[in-house]
Amino acid sequence: MSSRAHRVSLGDSWSQRVHPDIESERRRQAFDVERLTNLLDRGARNTTLRREVESLFRSDPAFSLVNTYFMTQKEHFQAAAQKRFLLHKMAQRLNWPEDGLEIDYARRALSGDIILGVHTVATKAIISLGSEEQIAKWVPLCKTYQIIATYAQTEMGHGSYLQGLETEATYDAATQEFVIHSPTITATKWWPGDLGCLATHAIVMAQLICSGAKRGMHAFVVPIRSPQDHTPLPGITAGDIGPRMGLENADNGFLQLDHVRVPRENMLSRFAQVLPDGTYIRCGTAQSNYLPMVVTRVDILTSVVLPSLQKACVIATRYSVIRRQGRLRPSDPEAKILDYQTQQQKLLFPLAMSYAFHFQAVSLLEFFQHAYNAVQSNDTSLLPELHVLTTGSKAMMTDFCAYGVELCRRACGGHGYSKLSGLPSLATQVVASCTYEGENTVLYLQVARFLMKNYQQIWETEGAHSQRSLPQSVQYFTMVHHDKCPAQNASDFLLPEIYTTAWAHTAARLVEDSARHLQVLTQSGADQQDAWNQTSVSLVQAAKAHCYYVTVKSFQDAVKKLDSEPAIQLVLKRLCDLFALHGILADSGIFLYDGFLSGPQVDMVRTAYLDLLSLIRLLG
Amino acid sequence: MNPDLRRERAAATFNPELITHLLDGSPEKTRRRREIENKILSDPDFQHENHNFLTRSERYEAAIKKSAVMVKKMREFGIADPDEIMWFKRLLLGNFVEPVGLNYSMFIPTLLNQGTTAQQEKWLHPSTGLQIIGTYAQTEMGHGTHLRGLETTATYDPKTQEFIINSPTVTSIKWWPGGLGKTSNHAIVLAQLITQGKCYGLHAFIVPIREIGTHKPLPGITVGDIGPKFGYEEMDNGYLKMDNYRIPRENMLMKYAQVKPDGTYVKPVSNKLTYGTMVFVRSFLVGAAAQSLSKACTIAIRYSAVRHQSEIKPGEPEPQVDFQTQQYKLFPILATAYAFQFVGSYMKDTYHRINESIGQGDLSELPELHALTAGLKAFTTWTANAGIEECRLACGGHGYSHCSGIPNIYVTFTPACTFEGENTVMMLQTARFLMKVYDQVQSGKLVHGLVSYLNDLPSQRIQPQQVAVWPTVVDINNPDSLTEIYKLRAARLIDIAAKSLQGEMSHRKSKEVAWNLTSVGLVRATDAHCHYVVVKLFADKLLKIQDKTIQAVLRNLFLLYSLYGISQKAGDFLQGNIMTGSQITQVNQRVLELLAVIRPNAVALVDAFDYKDITLGSVLGRYDGNVYENLFEWAKKSPLNKTEVHESYHKYLKPLQSKL
């Protein structure tokens with residue numbers, strides 16, 4: 001290739017085809033890309049189906065995303081509304097099953113650029129929290145869009161801390177109605193999607209008060225806009241909350257309820273009921289009403305957060321092989337920026353991350369399905385672990401994906417700042433997830449609470465049976481291992497046992513330190529809450545290390561199962577190695593601190609890591 | 001005022017006014033700044049439209065209108081001093097940018113720096129008054145920080161005594177310059193100079209692009225807006241394609257290099273001088289990093305003092321700022337904002353000092369200044385970028401809304417990581433300088449300035465295996481001791497990077513390949529050097545503060561900045577045997593203690609930055625703390641709320657429902 005090959009003149013014939021720099025990359029792949037795609041799609045048949053669905057959109061100008069970036073917020077919103085309308089007609093015409101893969105693939109193809117995302121969340125909330133009669137009544141209306149529902153939980157003054165929500169639902173036995181009310185300005189529901197202009201009904205989370213007692217958060221179906229002309233119903237004030245960083249189509253809104261009355265039947269009552277006389281009956285655990293949150297979190301991770309990172313990696317990596325800057329040798333043509341070590345360092349970690357989280361999401365989905373089915377048949381024993389697994393995954397994946405997308409954006413230099421790169425929109429979409437559906441620090445602390453509880457259990461029940469009673473994700477607490485890492489040279493750090501053990505050891509050590517710290521504070525007279533607050537920085541650190549360990553472990557387990565695909569197994573193993581080692585180097589202090597790794601061993605990790613960068617670069 | 005904020009302010013142990021004086025430079029400067037700000041606030045000609053509710057085209061128009069009023073008012077108020085202009089604009093622009101900004105920040109300075117007296121006489125006056133609106137066109141679609149790769153050519157034609165400016169390829173189209181798309185009528189274009197058949201590298205040319213009077217693009221010029229971006233919505237970043245476009249010979253800026261009428265090229269005396277503008281802009285960006293970070297943490301800390309979330313103890317809803325995790329997010333950023341404020345003013349002073357020496361023909365300090373600004377620009381903009389985002393996240397969900405102001409601060413600031421030199425490239429430039437200094441030291445030469453600590457390298461002091469004696473002398477409450485250990489860390493990482501560079505070179509021969517294979521380590525070493533410089537400059541600043549109360553308050557911020565840095569990079573300090581595990585435990589513990597010590601002064605420390613609400617552009621960061629009422633008022637102004645039922649209901653929802 002001549003040194004001028006990358007210079008593009010208007011009318012160059014090959015500028016109609018694939019860029020030669022990309023083509024040359026594709027020619028040297030060390031594995032079968034199609035088979036890896038099949039693996040990610042979880043089966044070749046899914047890949048075929050996905051491509052069929054995608055081709056429907058590619059050829060249809062009504063679904064074009066070409067001009068999206070030039071639209072005003074209003075135009076963007078209208079276009080998204082139109083796409084939802086057309087998509088619905090298409091699904092009917094082609095007889096797509098309601099919860100089938102086709103719809104998921106369609107959403108993926110449209111990059112989520114359609115309205116009524118939360119309508120689906122609210123429908124699922126009715127399914128998980130409603131009685132059989134309620135499901136029969138409301139769900140068909142939702143599915144045929146006779147009603148548009150939003151899920152209204154967050155308030156202006158209250159977010160992740162659910163007990164702090166102020167909206168009240170007071171039962172009036174005389175009329176057999178609930179009076180739903182926002183007592184203060186901070187109680188205004190704020191942020192729910194599809195609420196600003198669209199929703200006709202809201203699933204309102206409110207403090208139930210019946211027979212004079214507060215009963216905690218429950219869900220109520222509240223009609224908010226007229227079925228005739230869509231104007232707000234009496235007692236309702238609703239609207240748009242104003243412009244945001246992104247999420248132009250989300251229709252985030254506010255909702256004030258002024259003594260709005262709904263019939264007794266509108267309280268979703270799978271797990272708790274109020275009888276006509278005001279008697280309160282609970283049939284599930286207190287946590288059961290939070291089930292929709294778990295469903296939503298899993299959904300967001302697989303349909304928004306992870307795809308954003310994957311797309312960012314695709315964009316940044318492709319751009320880095322056609323962008324040439326500077327020279328690696330004076331006599332060479334300008335070099336592809338992906339051949340710079342610093343660029344590899346920036347981009348290959350997000351790439352490793354996107355595979356790590358893919359496999360973590362797959363195992364989370366499996367566990368979720370298992371636990372969800374159990375809950376639906378009223379067995380809630382797996383709920384705490386399901387809750388903590390989704391909580392930890394949500395915090396870790398959104399944190400890292402947001403970081404990764406932003407890294408990719410900045411790695412594209414100035415052009416990464418242009419919306420036409422696609423990266424700013426991906427960034428604003430994914431960063432929103434760090435605070436919605438549970439603020440990440442709050443979530444890490446929930447994980448920490450689970451870790452502390454289980455850690456203390458080991459102490460209390462020390463003995464042969466302790467391991468069996470521990471939930472799977474924390475069984476490593478009792479693992480017997482060395483105080484020092486046995487690695488002798490850099491290549492030892494490419495052994496999964498070595499780095500997985502390093503993560504297990506360090507996560508367990510941080511958990512132990514936090515537990516000790518808590519204990520010391522309580523023994524010196526601090527009360528539980530103060531002690532917790534004064535330990536919270538180290539608790540968050542412990543929870544983060546735990547989550548990192550869980551991700552490394554699930555990635556490693558997934559790689560192990562790929563024996564039938566040695567070429568793919570090798571490339572994924574390298575990414576797994578990179579993911580684990582990157583984390584060690586980023587926070588080497590916690591590994592050096594107690595001498596588990598020595599200084600020379602950290603140097604070995606660094607050597608292994610830098611070698612991996614060029615190895616993965618060569619694999620393409 | 002919100003009672004929470006009133007309590008916070010009453011509990012502070014110092015008078016924030018005194019710190020404001022310190023940040024401004026003197027009480028007199030604070031007084032003058034406020035005088036200017038109050039003039040603007042009381043002037044009815046400045047109607048402050050809320051950009052958040054406008055479309056891009058409307059925002060552009062509002063920005064142009066604002067610039068026009070600004071120029072008129074500055075004349076009226078007699079504002080000409082650079083600091084005063086900066087205060088004036090800081091208040092009015094808030095978190096946004098102005099399309100004519102490049103005229104003042106790049107076009108005029110370049111003219112002054114590189115134009116002959118005759119050229120300055122011709123163009124300076126009209127461009128100050130905006131008859132000529134200029135921009136600076138360097139970056140091309142296919143080429144950024146690597147300047148030698150630029151493709152635009154300027155070929156001299158002695159017959160007509162003109163330069164023919166040409167964009168030969170798609171990738172050579174000038175891309176990104178601010179104000180280029182719609183606003184400017186002239187551009188300083190950087191192009192490869194070709195005369196008498198030979199290419200002499202990049203030179204600057206004044207190119208008219210739009211006709212005075214009609215503002216239409218001139219024949220041979222294709223110019224326009226490059227489309228929407230992450231932020232900078234009011235800025236018409238543009239493209240410019242020139243088709244064998246002719247300009248007179250006098251339009252080449254010829255203070256240094258010249259082309260004679262017959263086409264003879266005359267070399268500049270020193271090629272270092274053209275760095276001038278770049279060094280100026282980069283050192284200015286360090287100050288900008290401090291400003292943006294200060295604004296973001298003002299918003300986040302005030303909001304955390306009025307936001308009550310969960311309860312630490314049942315029944316006692318504490319403000320967010322009482323949570324250790326929240327303090328751990330925000331207070332290190334606050335300390336960093338102060339550190340960067342001091343580094344920013346140091347950079348400004350140093351630039352002016354060195355510029356004076358340059359005026360007297362002394363170029364000796366230029367290489368270090370050039371290297372220092374590159375690295376510090378990268379170090380501070382990266383840190384500030386992450387810090388602003390952390391502040392936004394610390395505001396929870398509301399941080400994502402434009403009502404918080406932080407999304408605008410972020411998207412306006414983040415290009416600083418890539419423009420004026422992409423940060424990784426900047427770090428590597430400083431690394432190159434550090435490696436040169438390292439070689440000098442190794443060959444027995446004594447070096448000066450902020451790198452003088454490398455003089456100790458050849459002696460045994462910093463040899464990793466010999467430093468077992470060091471940990472005992474570390475006093476984690478002593479600024480000198482902390483500066484010393486940052487110095488040791490930097491020296492060690494520079495030493496390691498230099499040795500691995502030598503190692504690669506002995507294996508692979510080519511210098512460039514070795515450099516590439518060491519670059520991750522080189523960036524890491526430069527990062528440590530810059531971190532040391534910031535710690536050192538902050539420590540130096542402490543010594544100069546007279547008032548004991550203020551010194552004590554800032555000393556705590558210094559300790560937090562340095563100790564938090566150690567705790568984050570504990571691996572480097574442990575691995576180099578600079579500190580022991582138990583010292584790291586002490587550091588971690590001390591960081592938590594400092595959070596509690598700083599806690600009562602947190603609001604006063606952000607008040608001291610003295611940002612007017614209009615500059616913050618934030619409902620969450622309001623001085624009076626009345627967040628929630630105003631949040632609701634703000635949302636009501638959203639264009640989507642203009643009608644009770646949105647038109648898309650009739651267009652799409654209704655048919656969707658009735659079809660079934």
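Predicted model: local features only at pLDDT ≥ 70, side-chain atom pairs only at ≥ 80, totals over all residues.

**How the parts meet**

A: Let's start inside chain B: domain 1 of chain B and domain 2 of chain B bury about 550 Å² between them, with carbon and sulfur atoms giving 71% of that area. Buried area here is the accessible area (1.4 Å probe) that two parts lose on being put together, summed over both.

Q: OK, where are the two domains of chain B?

A: Domain 1 covers 1–42 + 289–443 + 480–643, and domain 2 covers 103–263. Those bounds come from an automatic or database domain assignment. Over C-alpha atoms, the centres of domain 1 of chain B and domain 2 of chain B are 36 Å apart.

Q: How many residues touch there?

A: Domain 1 of chain B has 11 residues in contact with five residues of domain 2 of chain B, where contact means heavy atoms within 4.5 Å. The count of salt bridges between these two domains is zero; a salt bridge is a side-chain nitrogen of Lys or Arg within 4 Å of a carboxyl oxygen of Asp or Glu.

Q: Switching to chain A, what are its domains?

A: The assignment gives domain 1 (34–114), domain 2 (148–283), domain 3 (291–438) and domain 4 (451–462 + 489–619). The centres of domain 1 of chain A and domain 3 of chain A, over C-alpha atoms, lie 20 Å apart. Seven residues from domain 1 of chain A and 12 residues from domain 3 of chain A make the contact.

Q: How much area is buried between domain 1 and domain 3 of chain A?

A: About 830 Å², with 62% from carbon and sulfur atoms. On the side of domain 1 of chain A, L40(A), R42(A) and Y69(A) supply 66% of what that domain buries against domain 3 of chain A, more than any other three residues. Salt bridges between these two domains come to zero.

Q: And between the chains, how many residues are in contact?

A: 105 residues of chain A are in contact with 105 residues of chain B. The two chains bury about 8,800 Å² between them, 61% of it on carbon and sulfur atoms. P243(A), M245(A) and Y417(A) supply 9% of the area that chain A buries against chain B, more than any other three residues.

Q: How many salt bridges there?

A: Two between chain A and chain B. E422(B) and K346(A) meet in a salt bridge through their side chains, at 3.2 Å, N to O.

Methods. Residues numbered from 1 in each chain as written. Chains lettered and ligands numbered in written order. Heavy atoms only, no water.
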